Structure formats: structure tokens, C-alpha cells
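Got the viewer open and a hand on the selection tool? Let's walk through this one stop by stop, from the overall outline down to single residue pairs.

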Amino acid sequence: MHTDRLRPVLLPVAAVAVAVAIGAAIVLAAGASPVAAATAIWVAAFSGTDAIAATLEKATPLLFAGLAVIVGVRAGLFNIGAQGQLLVGAITSAYAGYRLAGLPPAVHLPLCLAIGILSGALPALLAGVLRATRGVHEVIVTIMLNTILVNLTDWLAGGPWMEQGQPVSRTPAIAGSARMARVAGLPVGFLLAVAMAFVVWFVLDRTTFGFRLATVGANRNAAHYAGISVAGATVAAMTLSGALAGLGGAVESLGIVGRFEPGFNAGLGFDGITIALLARVSPRAVIPAAVLIGALRASSTQLQARARLAPEIVDVVLAIALLLVAAPLILRWLLRLRPGSCRTEVQLTRGWGA
Amino acid sequence: MSGRREGDAGAPLLEARGLTKRFGSVVANEDVSLQLRRGEVLGLLGENGAGKSTLVKMLFGLHRPDSGEIRVGGEVVRLRSPRDAIGMGIGMVHQHFQLVPVMTVAENVVLGAEPTRHRFVDRRRAAAEVQELSERFGLAVDPDAVVEDLPIGAQQRVEIIKALYRGAEILILDEPSAVLTPEETDELLRVVAELAAGGVGIVFITHKLREVMDAADRVVVLRDGRVVGEVAPGDTDEAGLAALMVGRSVVLRIDKQPARPGGTVLEIRGLEVDDDRGRRAVQGFDLEVRAGEIVGVAGVQGNGQRELAEAICGMRPRSGGCVLLREHDVTRLGARAIHDLGVAHIPEDRNKHGLVGSYSVADDLVLNRFDEPGFARWGRRERAAVRRWAEQLIIEFDVRTPGVEAPADSLSGGNQQKLIVARELSRESVLVVAAQPTRGVDVGSIEFIHRQLVAARDRGAAVLVISAELEELLAVSDRIAVMRSGCVAAMFDAGSVTSEAIGLVMGGAAGH
């Protein structure tokens, strides 16, 4: 029983450990000291409340993005558009944050969050409907939507919604009534994200709705036989996925950046895929995975200053960890694990038009 | 191809001596010995889980025995991989074909051992060699046909040619008839006889008694991983083989009381249904099934049986006609609504429709009932209640599983089928639609499933059994409808009809 419970954790932990070891070797090869690098990461990410808060702030949108990807994967869908959905959520909530100044905080903040959720859900809904009714693969639709949404938000932030009298393209700062504060040194957004991880876990693993999604994801023919609406589950999962990504964007604007600024959230949606995989599509496991990646991201400046390492080394380590999780065979071979110890392999997508 | 290996001329082609294989604490094979001679068909008979697969996997280099030895032509060999086995002239046709669907027959056959010309694949020679093999052994296939366009029976012949092309003198056929229609099975048995006449030694794995009686020169029976008997078909009969295989006497023909039919439950009038490609598969189909009777639907596969079952159960849109359930028109209802009206459905393809392989036995036992009161409350699944229900069902329906939390795909085919039967028949239903209810299931489980269908009938349900096995229909049905070209060609009283009479109508002799 004991080892059984540990098994699902074994693979990701081993993957990260092996990736760190390979990372250390690369650092050495680059002529820097792995010890200095590790110290820099530790100092930057975890020493003192400010460092921890910064790490958790970095982890927050990643957590939402990871959850967004997981909801899709459970229903057999690959929402590669979390990035775009997160961006629209970020910009619309920021817009509501400065445009609707004057509302009481109890109304303003929830309203901004809701707007972020809705605007993230909409593009995903479109992808879901196209998939369910016309069989258009969601990967293609969401990739195209990403391009559209990235450029749309860039244009809005540098045009109609741009802060006046500023050389950089960004929206005005949001009003205090829409800002998410810190509670006991912890960013509220992070707490919300953690709570959401538990909500998503409950919905996916404990409710009939989650069972429907999972059945469609695992065997759509059996779902059809069992009278589950495959189209309905597809649309619902996609929309929910987009809503989570949109909420992630809103939390970032309202709780961390304080406005929308293009470039701030580049790649977050794609990191969500990394995190979902690292967490092996388990909502609760997204929390440590996001904190880990958040810590690495938060320490990239320190890495440069203290260990004189290019911040890209962080991406290299992450990519290796991801490769090891996605291809457990490599890890099994490296660690001589028996096949049984890595059951529950993650299958992310079933390929084109499946 | 022959005489490639020097060996003791009198030695058997293939011999296993005292093979033992354990998986953890489970003994899959214990002290198994057998011999295969040139030109002989050796039937390997056993229930699901008896250890047939493990045995042949050792003979084909997929598993390594813990102890014991394998001899080819009298010499001890070590088979580390299928490559070694192929090198020793052993070929295997797996239950699930290992073919590339988009490639031609010839390309599939030569794949991995291509004849080349100037470093390019010599397609012409490949096709010629395939043609030659197919003619020599009477294996009719077109070398230039694309595999995915071929019927299953022809794909199997491609697999056989593939093995022969690699010089196989020993051919292992793993449950070759499990996927075939009766006609295709007859064709296969003919091919097997021809191969044996040509000097090939064949290990024919099956749990179908009729086939070993027809095709085998000798039968080795496995039970619980051990050889429990070796007989010549001439010295025994089907009942004797079944008893050997199951370890107790098996009733091949179940006793049942005469049907006492009540009111009409299912009434189908002029039903029209399209298949996946949009062609009309069921047309002008009329049938009535009354409470307390079992109506069997016989027919050559592909005459609309699958579409009929799916249409009745709401999984497939109906293009015309009507389906009445206790006088209510259900023609337009979906799968869920029809299920809720008390229709149980054992689907034809258990892995495609019947269950989710990655789900636990418990979850699959409520696959179409997961949100009913008792299994869920306010949208939250009552997992403890589901587990308790499952614990009860696996005992009641004798589903052999390590536990209700084990994934369904870890069960043997027969137990997966019993799982589905348990789910569908554990609920009071007015109509039971059972499509191929015992396909790929061993004798012991067949008997059990048949009893369950009769029990459902005796509880007052109307039962519709659609099957490609005439024996099965004759065993369980009260009336038998023969389906041909999408409609009922003839209706028989099961008590007074012979399989020959049904077979004639299936083939198109009477009716119309």
C-alpha cells in the first residue's frame, strides 16, 4: 500500500532529479559552478518572505495554465491555446480594472475576475464547438487563435487601451479597488490558484460531470454507448479550460503586474503544458510543479548575476525534465525501474483527427 | 526452405520440455511439455487464462522460460526475441494483426526483409514472391491490394504469408478464429490443412471445441498452466474435451423451460438504418419480441446485424420505419433515454463500446449508471457505494479480478465480457439486446452467460440475441430469425429447426 501510494510521485520526482543532474553537468561544461547556481536559485526563490512571495507570484499564472491544460487532457483534448486565452483574460480584466474605477472593491474585483474568466472561455468555446460539430481538430484552431489573440492584445495595449503619455505600450494601472492584495505575505492570487486546484480535482475526480469528461477522454465510443454526449463534454471541457486560463490571466493583471503589459506573460500558456505533464495530469500535483517552475523562473536574474549563467539554462533543465516525464522509457532505462513502477503513463493527445 | 537446418531426422520439429514460467507469485505455466511434428496440426486448447498465451510467447521468444527447454529439430535453442524464433523457422500469427493498414499486401509481407535492387525495394519481385507463396498454399490474396481494404479473413492470410515468407516451418496461430466469421473460419481451416499437407507444423490455439475436432491431429489441453491431457480428436468428443478443459463436466446445451411469452415488448416495423459509410444496412426489417422469450438473430456477418442492434439501442440514427417499446415509439430516442426505459445492451465489441479499459472494474460496472441515485448524489459520485455494488456483482457474476479497483483491461476477455453481462443484467430490464454475447469467451463463461440470458428471460424480459454462432442461437433461443441483406429472410421455431436449415437461408436458398 505504501509503495503504491508513492508510485505516481516517483516518476516526476525522479525526472526532475535527473534533469537537475544533467543541468548541473551543462553548467559545469559552461564553465560555471553548479553550487553557485543552486545557491543563486535558493536565495532568489526561497530566502525570506519577499523571495517566497515572488516565487509564488511567478507560480500563480502557471498553476492556472496547468489546470487549464489538465481539464482539456482529461476529456481527450489538447488546449494548446491556453496562452491566447490567458492573454485576453489578462487584458480584459486590466481594462475593467482601470475603466470601472470608482466601484466598491467588493464589486469591482469580482467583476474584473469574471470578465477575465469569460473572455478566456469564449475563444476556447469556439474551438470546442468547432471540434464537436465539425470535427476540426482543436490543436489547429487554438494555435490559430493564439496568433490572433496575441496580436489583438498587442494592438489593444499599444492603441486604444494604451496608457497616455507613455513611451511603452501598456494599459494604465488598475484602480486600487480591483487589486488583489497579499494576505500574511502571501499573494491572494496564489491562494486562489491553490483553492482552484482543489476545486478542479474535486470536479474531475469526484463528480459525475468529471466522470463524463473522463469517459469521453478515455474512450469516446464507450461514452457514446453509455449515453454520454460526446459533443457536450467536448464543448464543456474546452470552455472550462479556457475559463481557467482566462482566470489565470486576470489574476496576473490584478494581483501581480497591476496592469496589462505585453511580453509580461509570454509563454505562460505553454508552460502550462509543461506543468500539466510534470504533474501527470493530476490537478493537485500541479501545485508543487508550478511552484518548482515558478522558483526557477523567479531566480533567472540571480542566476545571471551570481553564477554568470544565461537564464536559458532554466529552460534547458525544464525541457529535460519534461522529456523524461513524457518519455518514461528513457527514465526507466536510466534508473532501471521495473515497468510496473510507471503505470498510469500520460497520454497527452491521440494525434490528428482521432 | 526446407532442410535448412541439420537435425536429427526423427526428432520433432518443435519440442517443449518442462517449461515453467512465473509472473511474481502467479504460475502461468508449470512443467509444460509438448511436441510438434512436421505436417501436423497441434490443437492447443484451454480456457482464457489457462496459460496458452504465455506458452506460445515462450515458443516465439517473447517470454523467457524460468526453467525447461525448447528444442527445434532436436536441438536445444535459446530464444531471446522473436527475431531468434523467426531465425529458427518459427512464425506466429497474433490475435491482433501486426500489419500496416495503408501498405499493400506485398509491402506488408516483405517489410523488414525486402528484396532489393540497386538498394531500392524491388516491388515487382516482392509481389511475385507473394503471388508464388499464395498459390503454393492456396492462400488467396491479391499482392497489390491495400491491407486496410481487405476483410479480416484476408488480412489473416496476409499474416500467414508473412510468416511463410520468412521461412517459417512452424506456424503458431493464436486464437485465429476469434475474429473471423464462420465462413472465414472454414476457409482458415482449409488453409491450415493445406499448409500441414505441405509439411508445415502448426500450433493452433483456440478455445472453440469444434475447430480442434475438425482441424487438429492431436490436442493438448491446458488448465491452470498445466497440461491436463493430450488426446486425438477421434478418441473423444466435444463434451469430453470441454470437461478436460474446464475441469468439470460442462453442459453444452443448457436446459431451459419452454418459453411462456407474454405481451409484445419490442416491435420493429420497416426499420431502415445506414452503416458508417452511409449505405443502407438494415432495410424493411420487421420483428416482434415478446416478454419472456428469447429471439435469436442469425445471419452471415455484415448483413446489418450490428446496425440493427445499435439502432434499437439508440446508438445509431434510424432513417426510416419505427421501433416501439411496450407500445411507446422510441424511434427517435438516444442511447441514454432508451437505457432509462429499461433496455439492457451487451454491445458487439466489448473493447470499443462495452467498457473503458483504463477504468477500474467498479467504474466500468456503472459505466452507464454512474449518475443514478445510489451511485451519485447532487452530482457527486458515491464512490463507496459504487465499490460495494461492484464487490457484490463480481461475486454474483463470477468476474475473476484481483479486485474492483483493478483496471478492466487487466482482465481476460471472458471476464471482461462477464463484467459487461453483470452490468447489463444486474438491473431489471424489459428488453435485453445481446450482440455476440460470447465472442472470444471460453466454454465455462459461455455456459454462464447463456444461463444469465435465460434467467433474464425467465424474469420476464424480452431478449434479443444477435450472434454469428449458430450453436449459440440454437442453445438459447426460443425463436430464430435469419437476417439477410438487412431484413428478416425467415423465422424458425428454435425447438424444431436444424442448423442446416438455417444455414441454407443464411446463404440465400430460401425466403424472399
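This is a predicted model: local features need pLDDT of at least 70, side-chain atom pairs count only at pLDDT 80 or more; totals for chains, interfaces and linings use all residues.

If you draw the contacts with a separation of 6 or more, 68% of them in chain B are between residues 24 or more positions apart.

**Stop one: the sheet of four strands**

Stay in chain B and pick E2, E1, E4 and E5, in that order: they make an open sheet with antiparallel pairing. At the edges sit E2 (26-36) and E5 (75-77), each pairing on one side only. From one strand to the next, the twist averages 30°. Now zoom in on E1 (residues 14-23) and E4 (residues 67-72) of chain B, antiparallel strands joined by five bridges. For a pair to click on, take B:Thr20, which stands opposite B:Ser67 in E4(B).

**Stop two: a strand with two buried faces**

Next, select strand E6 (residues 90-93) of chain B and show side chains. Which residues point which way? B:Ile90 and B:Met92 go one way, B:Gly91 and B:Val93 go the other, and all are buried. E6(B) pairs in the parallel sense with strand E9 (residues 170-173) of chain B, over four bridges. Within that pairing, look for B:Val93 opposite B:Leu173.

**Stop three: the sheet of six strands**

Further along chain B, select E18-E21-E22-E15-E23-E24, the order of an open sheet with mixed pairing. Its edge strands are E18 (343-346) and E24 (487-493), which each pair on one side only. Neighbouring strands here are turned by 20° against each other on average, direction ignored. Follow E18(B) to E21 (residues 431-435) of chain B: the two pair in the parallel sense over four bridges. B:Val343 has B:Leu431 as its bridge partner in E21(B).

Now bring in the helices. H9 (residues 305-312) of chain B packs on this sheet, where it touches E15 (294-298), E21, E22 (462-466) and E23 (479-484), with its direction at about 150° to that of E21(B). H14 (residues 413-425) of chain B lies across E18 and E21, running at about 175° to E18(B).

**Stop four: over to chain A**

Hop to chain A and select H4 (residues 82-99). This helix of 18 residues reaches 25 Å from its first C-alpha to its last, close to the 26 Å expected at 1.5 Å a residue. Is H4(A) enclosed or open? Since 16 of its 18 residues are buried, H4(A) is largely enclosed by the rest of the structure.

**Last stop: where the chains meet**

Show both chains and highlight the contacts between them: 14 residues of chain A are in contact with 21 residues of chain B. On the chain A side, helices H8 (208-218) and H9 (220-225) each supply at least two residues. The largest share, five residues, comes from H8(A). Colour that side of chain A by residue type and you get six nonpolar, seven polar and one charged.

Notes:
Residues are numbered from 1 along each chain as its sequence is written. Chains are lettered from A and ligands numbered from 1 in the order in which they are written. Two residues are in contact if their C-beta atoms, placed from the backbone, lie within 7 Å. Ala, Val, Leu, Ile, Met, Phe, Trp, Tyr, Cys and Pro count as nonpolar, Asp, Glu, Lys and Arg as charged, and the others, Gly among them, as polar. Two strands pair if DSSP finds at least two bridges between them. Axes are lines fitted to C-alpha atoms, for helices over the stretch in contact, and angles run from 0 to 180 degrees between N-to-C directions. The expected span of a helix is 1.5 Å times one less than its number of residues. A residue is buried if 20 or more other C-beta atoms lie within 10 Å of its own, exposed if 12 or fewer, and partly exposed in between; C-beta atoms are placed from the backbone.
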